[in-house]
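Let's take a walk through a protein chain together, one step at a time. Have the sequence and the 3D view open as you read.

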Amino acid sequence: MGVYFLLFIVGLCWAQYNPNTQPGRTSIVHLFEWRWADIALECERYLAPHGFGGVQISPPNENLVIADPSHPWWERYQPVSYKLCTRSGNETEFRDMVTRCNNVGVYVYADAVVNHMCGGNAGAGNHSTCGSYFNAESEDFPAVPYSAWDFNDAKCKTRSGDIEDYQDAPQVRNCRLVNLLDLALEKNYVRSKIAEYMNYLIDIGVAGFRIDAAKHMWPGDVKAILDELKDLNTTWFSAGAKPFIYQEVIDLGGEPITGSQYFGNGRVTEFKYGAKLGTVIRKWNGEKMAYLKNWGEGWGFVPSDRALVFVDNHDNQRGHGAGGESILTFWDARLYKMAVGFMLAHPYGFTRVMSSYRWPRYFQNGVDINDWVGPPSNSDGSTKSVTINADTTCGNDWVCEHRWRQIRNMVVFRNVVDGQPFSNWWDNGSNQVAFGRGNRGFIVFNNDDWYMNVDLQTELPAGTYCDVISGQKEGSGCTGKQVYVSSDGKANFQISNSDEDPFVAIHVDAKL
């Protein structure tokens, strides 16, 4: 009885750290700014067949519409109400997407923008995606409803009302982030409206939430809201399953607010991961891939079971958020694939793959002044659909990194090696490294400027394997390189520094 009770309590404590993905599905993808109708199709035609566990969606609630025809991406982070209509679609389309994705075992994680409403300079009577009236100047949002009583103005002690000093934790949490109207989350009424919204999404069938701007909320206020959340919908999830929570906490060190302050609520986004990995793979500051032997907590990251990790996200691929110029993105495709491959092969953290759109980059003084550009859109401002080309890549300026063969096949690799230990590390003291995942997979990188020809110890069963980077197993053959593992588990790896993708990955499901 005592042991059972203890296990029950532990289960409750761990619930919000569990992504609820189906067994054998270990990664999610952020389909940034996709329409709900396109996500529903992608779940069915691509994500489920290729072993993706879930999809992070853009904020589903009503937001400000900027008068400019360009419709910047950050519109979506300026709430006007919690009604479910955005440029991604209306509530009917949202419900259809969640149902269809859940039905094929690909779960939906909503981006919850609950720290603030729209910017205080948005004025009155401006446009919103559902047409709801609001007045940002008087802090009147009748569609929620919120009034001036529900905001933090009195608690903020800065002259501008905005955050001015990130070394002052109360200021970071009580003042406006870039003039966005800061909600008074210590008020039970405000908490109840946010919980009501999140519970509405849970009832529809979402599996969890990315908590936007968590760093700008007191951890106790976030906890009070999460404590009000329902269990997941039992149509798709087991009884008692809790929503997966991962909180956006940008912590690169050197500030009083840290990711660890939020562990009690769920996982946190480990921004140091992409910043450091980008520096290593770019070989900046004397960094070498050989130094990745103790990757993870050994690099000062949060514990693996508290981390949501990514190479890039929608903010820092534009130079915002965290990490600066070291962040690798689809613009640096060759290095980017290596970084994502390393992430998906390594056991640390819960992994999220990015799926982006192109924008017309225009640099002035080293700064991309077009980083605000919204998703591919039609002349009327509506978001373009994601078209699929004959070679399975995407059209209409959608990048779809998750459809790149190398990334898709590494998502499968991670599923195959799930639960296996990090093993058989090898390096040449420079930028050629290799490691295994027990007896299920092995990966080798050549990020040096010379040819690699090396015999390495794997734990894989003897046989012929298809490299899942240059190709994959199809029928009884390989479309790319082959790797022969001998009876003692050894294999020869040859990788040219001029290869399109200078890395090789093999796993037991790609054995001939």
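Predicted model: local features only at pLDDT ≥ 70, side-chain atom pairs only at ≥ 80, totals over all residues.

**Starting in the barrel**

As a general rule, the strands of a sheet pair through backbone hydrogen bonds, and the pairing is either parallel or antiparallel.

Now let's look at the wider setting. Which strands make up the closed barrel? Eight of them do, in the order β1-β2-β3-β6-β7-β8-β9-β10, with parallel pairing. On average, neighbouring strands of this sheet are turned by 30 degrees against each other, ignoring direction.

Helices pack on the sheet too. Helix α2 (residues 36-47) touches β1 (27-31) and β2 (54-57), and its direction makes about 160 degrees with that of β2. Helix α8 (residues 333-345) touches β1, β9 and β10 (350-355), with a direction at about 155 degrees to that of β10.

Next, follow the chain to the loop between α6 (219-226) and β7 (244-247), where you will find Asn 233. Is Asn 233 buried or exposed? Its relative accessibility is 17%, and residues under 20% count as buried, so Asn 233 is buried. Leaving out residues up to four places away in sequence, Asn 233 touches Ile 202, Asp 203, Ile 204 and Gly 205. Ala 207 lies 26 residues from Asn 233 along the chain, yet their C-alpha atoms are separated by 8.4 Å.

Let's turn to the nonpolar residues. The largest nonpolar core has 140 residues, and those touching the most other members include Ile 39, Tyr 146 and Phe 209. At least three residues of this core come from each of domain 1 (15-269 + 357-398) and domain 2 (422-510). A second, separate core has 17 residues, among them Val 416, Leu 460, Ala 491 and Val 504.

Finally, step back to see the domains. The C-alpha centres of domain 1 and domain 2 lie 39 Å apart. A UniProt annotation from an unreviewed entry, "domain: Alpha-amylase C-terminal", covers residues 423-511. Over residues 423-511 the chain is 0% helix and 52% strand, with its end C-alpha atoms 20 Å apart.

Notes: Residues numbered from 1 in each chain as written. Heavy atoms only, no water. Core = buried A, V, L, I, M, F, W, Y, C linked by side-chain atoms within 4.5 Å. Buried < 20%, exposed > 50% of the residue type's maximum accessible area, 1.4 Å probe, protein only. Domains from an automatic or database assignment. UniProt positions renumbered as here; feature names shortened; annotations may be inferred. Helix = DSSP H or I, 4+ residues; strand = E, 2+ residues; numbered from the N terminus. Contact = heavy atoms within 4.5 Å. Pairing = 2+ DSSP bridges. Axes fitted to C-alpha atoms, helices over the stretch in contact; angles between N-to-C directions.
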